[in-house]
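Please consider the chain shown below, for which an explanation of the fold and its packing follows.

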Amino acid sequence: MDISLLQNVPLSIFNLPQLLELSLFNAQIDFEHLVLYNAIPVDVNDTVAMEEWFQANFSFNLHHTQYWLTLNPICDEVDSLPTKLQTLLNTTCSHGCNLNNKDQSLIQARVCPPRLLGDGKCNTACSIDSCYWDHGDCAQLCFAEQLSNCTYAQFINE
């Protein structure tokens, strides 16, 4: 899923054995809804009990699965969350585009799913300065004119 109103996510989804990638980019996931939806039997204000519950019950595999949680409210809450969840979010909340850019391309960068950056194909949503022209995908052939007849259609891989 890319860009959604998704707010409720089962924690078990992060540890599905055959899951290779999970993009929950630009949704509405926050810690409060994560706790409520998963019926975690711990008071959200009891940080010690919450830490213990996540250590015992929350699993994910960063070596097997690629996760993208960029631009979710939970990414702004990282410092106050259980350590195991912090570990996941510290790895999966970065975007790959320069989101500090204050011009129009910031708005465009918000619709560029991080999973598409630098994937070998020019993705038009990511073909902006703030996303480094899709991490080079949108300029790969056009920098070597002597090697190709680069046209706009080729430039965007149409």
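Asp-30 is buried in this predicted model, because its relative accessible area is 16% and the limit for a buried residue is under 20%. Its position is in the loop that runs between strand S1 (21–23) and helix H1 (31–37). Setting aside residues up to four places away in sequence, Asp-30 touches Pro-73, Ile-74 and Glu-77.

The setting of this residue is the chain as a whole. Six helices and two strands make up its elements, and along the sequence they follow the pattern β-α-α-β-α-α-α-α. Of the 158 residues, 41% count as buried. Among contacts with a separation of 6 or more, 54% join residues 24 or more positions apart. The chain exposes about 9,200 Å², of which carbon and sulfur atoms supply 52%.

The average pLDDT of the chain is 81, and 78% of the residues score at least 70. Helix H2 (residues 47–57) has the highest mean pLDDT among the elements, at 96, whereas helix H6 (residues 152–155) has the lowest, at 54. Where pLDDT is low, the predicted coordinates should not be read in detail.

The interior may be considered next. In soluble globular proteins, nonpolar side chains tend to be buried together. The largest nonpolar core in this chain has 29 residues, and those touching the most other members are Phe-14, Phe-54, Leu-69 and Leu-85. H1, H2 and helix H3 (83–92) are the elements that give two or more residues to this core; H2 gives the most, with four residues. Phe-14 itself, leaving aside neighbours within four places in sequence, is in contact with Val-9, Leu-22, Leu-24, Phe-58, Ser-59, Phe-60, Asn-61, Tyr-67, Leu-69 and Leu-88. A second, separate core consists of seven residues, including Cys-97, Leu-117, Cys-126 and Ile-128.

How are the buried residues of H2 arranged around its axis? The residues concerned are Ala-49, Met-50, Trp-53 and Phe-54, which are buried in H2. They lie on the same side of the helix because the arc that they cover around the axis is only 130 degrees. An α-helix has 3.6 residues a turn, so residues three or four places apart point the same way. The face of H2 turned away from the buried side carries the exposed residues Thr-47, Val-48, Glu-52 and Ala-56. The cover over the buried residues of H2 includes H1 and H3.

Gly-120 is found between helix H4 (104–109) and helix H5 (132–135). Is Gly-120 buried, partly exposed or exposed? Its relative accessibility is 43%, and therefore Gly-120 counts as partly exposed. Between the C-alpha atoms of Gly-120 and His-135 the distance is 9.0 Å, and the two residues are 15 residues apart in sequence.

Methods:
Residues are numbered from 1 along each chain as its sequence is written. This is a predicted model: local features need pLDDT of at least 70, side-chain atom pairs count only at pLDDT 80 or more; totals for chains, interfaces and linings use all residues. Side-chain values use heavy atoms; hydrogens and water are left out. Buried means under 20% relative accessible area, exposed over 50%, partly exposed in between (1.4 Å probe, protein chains only). Contact means heavy atoms within 4.5 Å. pLDDT is the predictor's confidence in each residue, from 0 to 100. Accessible areas come from the Shrake-Rupley method with a 1.4 Å probe; for residues, only the protein chains shown count as cover. A nonpolar core is a set of buried Ala, Val, Leu, Ile, Met, Phe, Trp, Tyr and Cys residues joined through side-chain atoms within 4.5 Å. The arc is that of the directions from the helix axis to the C-beta atoms.
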